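I opened the model today and kept notes on what I looked up. The entries follow in the order I made them.

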Amino acid sequence: MSVPVLAVDRLVKRFGGRTAVDGLSFQIQRGEAVGLLGPNGAGKTTTLSLLVGLLTPDAGTVAIHGMALQGDTDPVKRHIGLATQELALYEELTAMDNLGFFGSLYGLRGDALAQACRRVLEFAGLADRAQEPVKGFSGGMKRRLNLAVALLHDPDLLLLDEPTVGVDPQSRNALLESIEDLRRQGKTIVYTTHYMEEVERLCERVIVVDHGRILADARVADLKVQASGGIQLRVGLAAGHQVEARKWLTEITGVSAIETVSDGLQLLLSQVAVAGRVLELLERREIPVLSLATRQPSLEDVFLQLTGRTLRD
Ligand SMILES: Nc1ncnc2c1ncn2[C@@H]1O[C@H](COP(=O)(O)OP(=O)(O)OP(=O)(O)O)[C@@H](O)[C@H]1O
Ligand SMILES: [Mg+2]
């Protein structure tokens, strides 16, 4: 396997007596988009700060492209773009001057800097507001500019800490499209959010943390099957057939649970192929089936099951 873009090994961070990050280990391969999820205070932002050297770990290591990260000034940081949860912008400066300032910190000058500024302003949908002071921007516009700053030096690893908070639905959609575009360009993305629909759209893998520890690190699809204990199958039946159908279906191997619902039965199957046997049996017993649908639990269900908490306060 190739060298991972990011390798985190037994990372620990304490604030006084509180352990915010408690022995995290994970690796991220080139081109992956991974959701870093967890309830408020789980340790997500602290983890991202450790990944860019803004915080120093009490134990453990971070390696970017196989190179150990040594603090905030390490040149290996050029590979990383962090869009912080707390906005990091100068209110008195215009959008363009903010970008100019942060771009120069990354060593961009002259034409290269001007070009980078134009590119990220376009990305953030702020090209027409470039010359206005940030203090006159709406919350969503500031959020978009904050993300633009992280992209100035064209990093290949993006750490996005709740990049769509306070962004209206339309701009959010435009932002998500742009992020999908970055993915298609081959960028590696670590994405923190409390919006599950964004994770479903952008990430094929999620790392769920709470109390600074990993509760799950898996592909979204696998996690859903694992969380529900199987495949959920909803069988729509004509009125009055539930009791009888239920009696027959308990005989099928691979049906691990049956629940009566308003329009029929809800089954839990060990695998999707069992659905065929369900249909066959009901046909044989002359019980009319009106509809048949598998249902995956939502990521929100999975999250609740893992953490015992909902994603939002
Ligand atoms: N600078 C700090 N000093 C003291 N404690 C801190 C500091 N930064 C974070 N913490 C604590 O570390 C824990 C993890 O915080 P962190 O900001 O990483 O959570 P989070 O998962 O990003 O939460 P949220 O979803 O609310 O952004 C919390 O208990 C928090 O109070
Ligand atoms: Mg946070």
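**Around the ligand**

I began with the shell around ligand 1, to which α1 gives the most, with three residues. The model is a predicted one. I then listed the residues around ligand 1: Phe15, Arg18, Ala20, Gly38, Asn40, Gly41, Ala42, Gly43, Lys44, Thr45, Thr46 and Gln85. I sorted the shell by class and noted seven polar, three nonpolar and two charged residues.

**The sheet**

Next I traced the strands. Four of them form an open sheet, in the order β2-β1-β4-β5, with antiparallel pairing. I marked β2 and β5 (67–68) as the edge strands, since each pairs on one side only. Strand β1 (residues 6–15) pairs with strand β4 (residues 59–64) over five bridges, in the antiparallel sense. I noted valine 12 opposite alanine 59 in β4. I also looked at where α1 lies: across β1, β2 and β4, at about 60 degrees to β2.

**Two helices**

How do α2 and α3 pack? I found an angle of about 125 degrees for helix α2 (residues 95–105) and helix α3 (residues 110–123), with their axes 10 Å apart. The two helices α2 and α3 are therefore oblique to each other. I recorded their crossing as right-handed. On the α2 side the contact has Ala95, Met96, Leu99, Gly100, Gly103 and Ser104, which meet Leu113, Ala116, Cys117, Val120 and Leu121 in α3. By class, I noted eight nonpolar and three polar residues in this contact of α2 with α3, and no charged ones.

Key: Residues numbered from 1 in each chain as written. Chains lettered and ligands numbered in written order. Predicted model: local features only at pLDDT ≥ 70, side-chain atom pairs only at ≥ 80, totals over all residues. Axes fitted to C-alpha atoms, helices over the stretch in contact; angles between N-to-C directions. Helix = DSSP H or I, 4+ residues; strand = E, 2+ residues; numbered from the N terminus. Parallel < 35°, antiparallel > 145°, perpendicular 65-115°, else oblique. Left-handed = near helix turned anticlockwise from the far one by under 90°. Contact = placed C-beta atoms within 7 Å. Nonpolar A, V, L, I, M, F, W, Y, C, P; charged D, E, K, R; others polar. Near = placed C-beta within 6 Å. Pairing = 2+ DSSP bridges.
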